[in-house]
Amino acid sequence: MAALGARRLLRPGRRWFSETVPGAPPPPASPLYPPVVASITAKSKAAKSRRLQRFNQRVHAAATVEEKLRLYGKLQRPKYTVYPQTFALNADRWYRSFTKTVLVPGMPPRAAAAKPPVAAAGATPEASRAEAPGAADAPGVAEAPGAATAPEPAAGAAPCLNIDELRSLACDALLQESFYQNKKRPFLYRDQDHTPGPFLTQLVSTLAASLSGRNPLLAASSLDLNPEVNYYWHHGEEVVAHGHRKGRVDPVRFQIDDNPHLQIRVPKQLPEVVPLGSDLGDVPVIDHKPSKLPLFKKQYENKVFIGSKVADPCCYGHTQFHLLPDKLKRERFIRERLEDQIEVVYRSNGIASLFAWTAAQAMYQGFWSEADVTRPFVSQAVVTDGKYFAFFCYQLNTLALTAETIKNNPRKNICWGTDSKPLYDVVEDGNVKGFNDEVLLQLVRFLLNRPKEL
Amino acid sequence: VFPGVRQAQWLTKTKLVEGLPPAVQGIVDNPAHGLQELEERVKHAVSHARLWDTAEVAPRREQYCPLLFENLIHICRLMSGKYPSLSKRMLARNCRIAATWERESILLQVRGLSGILMNSMTPIPPVASKEEILATKEHVLETFYPIAPTIDLQEVNVYKELNDTGQCFRDGYPYSHPHTLFFLESANVRTNRFRPEQLRAKMLMFAFGNALAKAKALHGNDPKVLEQPVVVQSIGTDGQLFQFMVFQLNTTDLVSNDGIKNLVWIDSDQNLYERAQCVPEVKKRVVTKPAGISGFQPDTFKKFLALYLHGTV
């Protein structure tokens, strides 16, 4: 090696008179010898970091997003499968710590101008326009028209939202699925596929169609039925417990494989809710291993997928709709005296699914944990079991969750979420009793969300 | 055995007219509906269904056929921003249809899952003029002597004659008029799918069944010539080839072979696109078929949309 040879010549006692005189020209710009770096194949920490650097450079230098995704998920190792719909106790705290998310209760405050004024039945258009800005400030408040059952279209007021028409659409969808259509008995433990599933599909498709006149983003949207959303990431470090790799320090790998009931994808991104670096709370820190949740490890393909491939122009997400399965119904929790876990189910579903979706959208744009996002990615979700609806809005501020990148990363992801509220009380004899306009209005507001330019 | 449509025509006492009725053709040709701008969106819809939807390389027919249908219906539904009366429609999946009638002393019955049904609050106005209906009196139904017309039909002992689309929906259902039936041939294996001719026959039989049940619900069980003919449309596809049909029930008097006949307009074998290539085909290092959708025909979607808008525009 060059270093050894030079040392042999420069043994102490033997002076090597250099031929240079003081004031000699500076040494040539390019180094004479290649840089001294760690080896690639040795079993040392320096070699491992060099290999990691080479991998990062390969991913940075990938020509297309598909190539980047392929390299990112190339190495398969055992990883924790995170299920968004889970019965684990206090799962939402664990999921928040895995994804570095802050949970803010309630819906994000929106500018009064963005809220559509709502026409109360029988009120004149001017009066309703005057009431609406006043009511627009408090999130989740609606003017409940008294006992109006017959739809009365708002007279000539185009910007006013006709709540009666939307209510009748929702009631029609509900009645068709639960009352009017003659169906066979539901399959065992598949009650959700019998009525709430088709009801949700009908409701969303008809509402989206009728609101598409107001929201040009919806008019260019793509509706997916039963799509697949996957995301793979590293967070934290652990020591391998057994096997031929025993004793090595490995990142903790997670994978979410989610199947929302319905999702709406759009070609333009939703606007950010708060600026990129805002700090709205604390991320819970959990000292236990993820397997204590319980979470289990499995090794299979590392998929990152938003619902369609990279070539699709509708590459940003708008709203997802999740249907809770029979296993997680409210009566079961009440029977086992775990009433506080009911909300946990909704929250963990919202956080995990939305994190996976927004992070996959960010990866489709070329960002990853070493190349963090330069703009926040926002998506919305509605989690329901057919009667109770909970609304979530997620802003992804950072993808850098691996052990090295999380050290100097002050950014946190933010999730706004509401508690679950019923849309109606009961369906009897062709009538929907106790319809809750607030929930419908929140759903409509979600669907009308769009970038400011549109 | 037979071209199925001819047999179905005899069974339902129907006269066939090639091509779409002038009312629907008028909607297709009318530029005011903005069908040109939708071309780009339809191409995306087709690409999404055939190429982009799955994390695997290529989706299977069981996946892409219903998905293509959902995408096209989504585009059609978004037109209700322009035509608010389109929101008076409701899709019903998995509805069972049952209708019985008599043809020359043979009792026939149509039963089964009739695919996806779209209902509307208002009926479709009749497509054929009074003169055309009267002209069908002259038309002679094709008989298949010596083959009995009930060949290939299953003979069953029926103890209860079931007769309503009310079998599918209860009374008081606001969307009471069947508008369009959709049939998706999405089986992966080719032998499990209907051939185009058989698909058209199936479409005709079910459209007839729905129309007959509606007519009996509106006008009673007596066989007679209908003052207000009942119109039911039908679209069938296997993910690439589309069959369009408009059926008008003029009479419920089906026992005899003469008199006024029912009318059906069929536009068959419309391709939406020629080929959808997921991975480019390369022969000897030269790309022979690039990836993507080739041979896209916007007219097929225009007809789809026209049938969807028919009745409200």
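Me: Where in chain A is P290(A) found?
Reply: P290(A) sits in the loop between β8 (262-266) and β9 (297-298) of chain A. Helices (H or I, at least four residues) and strands (E, at least two) are DSSP runs, numbered from the N terminus.

Me: Before we go on, what am I looking at?
Reply: It's a predicted model, where local features need pLDDT of at least 70 and side-chain atom pairs count only at pLDDT 80 or more, while totals for chains, interfaces and linings use all residues. Residues are numbered from 1 along each chain as its sequence is written, chains are lettered from A and ligands numbered from 1 in the order in which they are written, and side-chain values use heavy atoms, with hydrogens and water left out.

Me: Okay, is P290(A) buried or exposed?
Reply: P290(A) has 11% relative accessibility, so it counts as buried. Buried means under 20% relative accessible area, exposed means over 50%, and partly exposed is in between (1.4 Å probe, protein chains only).

Me: Which residues does P290(A) touch?
Reply: Leaving out residues up to four places away in sequence, P290(A) touches Y80(A), W94(A), F98(A), V252(A), F254(A) and L295(A). A contact here means heavy atoms within 4.5 Å. There's also Y95(A): 195 residues from P290(A) in sequence, but 9.6 Å away in space, C-alpha to C-alpha.

Me: What kind of peptide bond joins L293(A) and P294(A)?
Reply: A cis one, with omega about 20°. P294(A) is in the loop between β8 and β9 of chain A. For background, most peptide bonds are trans, and most residues other than glycine have a negative phi.

Me: What do the side chains of D92(A) and R96(A) do?
Reply: They meet in a salt bridge, at 3.6 Å from N to O. D92(A) and R96(A) both belong to helix α4 (residues 91-99) of chain A, four residues apart, about one turn of the helix. D92(A) is buried at 2% relative accessible area, and R96(A) is buried at 13%.

Me: Which residues are in the network with that pair?
Reply: The salt-bridge network links D92(A), R96(A) and R347(A).

Me: Over in chain B, which residue does K303(B) form a salt bridge with?
Reply: D267(B), with the closest N and O atoms 2.9 Å apart. The pair links distant parts of the chain, 36 residues apart: K303(B) is in helix α7 (residues 298-309) and D267(B) in strand β9 (residues 262-271) of chain B. K303(B) counts as buried at 13% relative accessibility, and D267(B) is buried too, at 11% relative accessible area.

Me: How many helices and strands does chain B have?
Reply: Seven helices and 13 strands. Of the 313 residues in chain B, 51% are buried.

Methods. Salt bridge = Lys/Arg side-chain N within 4 Å of Asp/Glu carboxyl O.
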